[in-house]
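The exercises below are to be worked through with the sequence and the model side by side.

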Amino acid sequence: MNIKKKNHLELFLKSFKSMLSLLPLMISVILLIALVKEFITFKVISSFFQNNIMIDTLIGALSGSILAGNSLNSYVIGGELLTGGVSLFAVTAFIVTWVTVGFVQAPAEAAILGTKFTIWRNVLSFVLSMLVSVLTVFVLGLV
Amino acid sequence: MKQKTNKNLFNKFKLPAAVAVLYLVLYFVSPDKIINSLKYSYSIFKQVVPVIIFIILFMWGLKYIPNKAVKKYIGRNSGLKGWLFAALGGMISHGPIYAWYPLLKEFEAKGLSRGQTAVFLYNRAIKLPLIPMLIHYFGLKYTIILTIFMFLVSFLQGSLIDIIMKDSEAE
């Protein structure tokens, strides 16, 4: 019984220690997210858009890749951008990359899940966000 | 041996050290923004703690489940069922993405494919509790179409990742 209890404790401590060892990495990512949020404001983001659908979609995808945090913020910023005249292609790419591409989280992802995986996953997410954007807006125009 | 430990230690604290230097440099540029960043970081950290505790408990629980059982549902040979489980996991997972990396690594050790990990991460873009907000900002039709395409594209990404990572499974 005691041996069993000891095993449970050992297994728990193993999980605990493995998470604890990643804490410096996670805190660094949190600090980076806060830094990006503070320095890259809505005003800064909206100034990048140029009323060119193709370039704006790319800018939307890039902005979403750099920014991070609660998805709700991406909806609010996306809604504001749309009201400000930015195309739905760009706003969609922005919303999709906000979650699927993690520029700021990449160091943590690479350290835990591998560098090659992280690079390919983020590159593919970036490219596919534009595909999702084009398909969504195109189908929306049909229905 | 000592050299290896030093290298590991360097790797572990490379990012925290770089972030600390960045904060220090930017403090001289814009102290107010740095103070705000620190306050915001603290508020995020408080939100992340419960998720970390949940994931530790999940990782602990996972150790009791035999690899065979996990492989049956989410392993490389689990077929469509495995992809759907990965997608559903991504949709219902809560909290910041980086808190989930360690758990995904544990699942990979139990048989989750790299493509399925990518599917999990991609489907985090489909936030079920936030769907009403997405509808509020962009409309019902847009929300349905976007959600369907994100769901479908996640499988395309997963398949591509599986092909690309085939030669480096044991990374």
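**Exercise 1. Decide whether Phe85(B) and Tyr73(B) are buried, exposed or partly exposed, and describe how their rings are placed**.

Step 1. Phe85(B) has a relative accessible area of 39% and is therefore partly exposed, where buried means under 20% relative accessible area, exposed over 50%, and partly exposed in between, with a 1.4 Å probe and protein chains only. Tyr73(B), at 38%, is partly exposed as well.

Step 2. The ring centres of Tyr73(B) and Phe85(B) are 5.9 Å apart and the planes stand at 90°, so this pair is edge-to-face; the rule pairs rings of Phe, Tyr and Trp (its six-membered ring) whose centres lie within 6.5 Å, and counts planes under 30 degrees apart as stacked, over 60 as edge-to-face and the rest as tilted.

Step 3. The pair links distant parts of the chain, for Tyr73(B) belongs to helix α3 (residues 67-74) of chain B and Phe85(B) to helix α4 (residues 80-92) of chain B, 12 residues apart. Helices here are DSSP runs (H or I, at least four residues), numbered from the N terminus.

Before going on, note that this is a predicted model, in which local features need pLDDT of at least 70 and side-chain atom pairs count only at pLDDT 80 or more, while totals for chains, interfaces and linings use all residues. Residues are numbered from 1 along each chain as its sequence is written, chains are lettered from A and ligands numbered from 1 in the order in which they are written, and side-chain values use heavy atoms, with hydrogens and water left out.

**Exercise 2. Find how many aromatic pairs there are over all chains, and examine the pair of Phe94(A) and Trp98(A)**.

Step 1. Over all chains, the count comes to 14 aromatic pairs.

Step 2. Phe94(A) and Trp98(A) have ring centres 5.6 Å apart and planes at 65°, so they too form an edge-to-face pair.

Step 3. Because these two residues lie 4 residues apart in helix α6 (residues 88-100) of chain A, about one helical turn separates them.

Step 4. Phe94(A) counts as buried at 0% relative accessibility, and Trp98(A) counts as buried at 4%.

Step 5. In chain B, one aromatic cluster is formed by Phe54(B), Phe58(B), Trp100(B), Phe107(B) and Phe120(B).

**Exercise 3. Locate the salt bridges and state which of their residues are buried**.

Step 1. The structure holds 3 salt bridges over all chains, a salt bridge being a side-chain nitrogen of Lys or Arg within 4 Å of a carboxyl oxygen of Asp or Glu.

Step 2. Glu109(A) and Arg121(A) form one of them, at 2.6 Å from N to O. Glu109(A) is in helix α7 (residues 106-113) of chain A and Arg121(A) in helix α8 (residues 115-142) of chain A, 12 residues apart, and both residues are buried.

Step 3. Lys63(B) and Glu106(B) meet in another, at 3.4 Å from N to O. Lys63(B) sits in the loop between α2 and α3 of chain B, whereas Glu106(B) is in helix α5 of chain B, 43 residues apart. Lys63(B) is partly exposed at 23%, but Glu106(B) counts as buried at 19%.

Step 4. Arg114(B) forms a salt bridge with Glu108(B), with the closest N and O atoms 2.8 Å apart. Arg114(B) counts as buried at 3% relative accessibility, and Glu108(B) counts as buried at 14%.

**Exercise 4. Describe the contact between chain B and chain A**.

Step 1. Chain B contributes 63 residues and chain A 64 residues to the contact, where contact means heavy atoms within 4.5 Å.

Step 2. The two chains bury about 6000 Å² between them, 80% of it on carbon and sulfur atoms; buried area is the accessible area (1.4 Å probe) that two parts lose on being put together, summed over both. In chain B, Tyr98(B), Tyr101(B) and Tyr142(B) lose the most area to chain A, together 11% of what that side buries.

Step 3. Across this interface the rule finds 0 salt bridges.

Step 4. On the side of chain B that touches chain A, α2(B) supplies the largest share, 16 residues.
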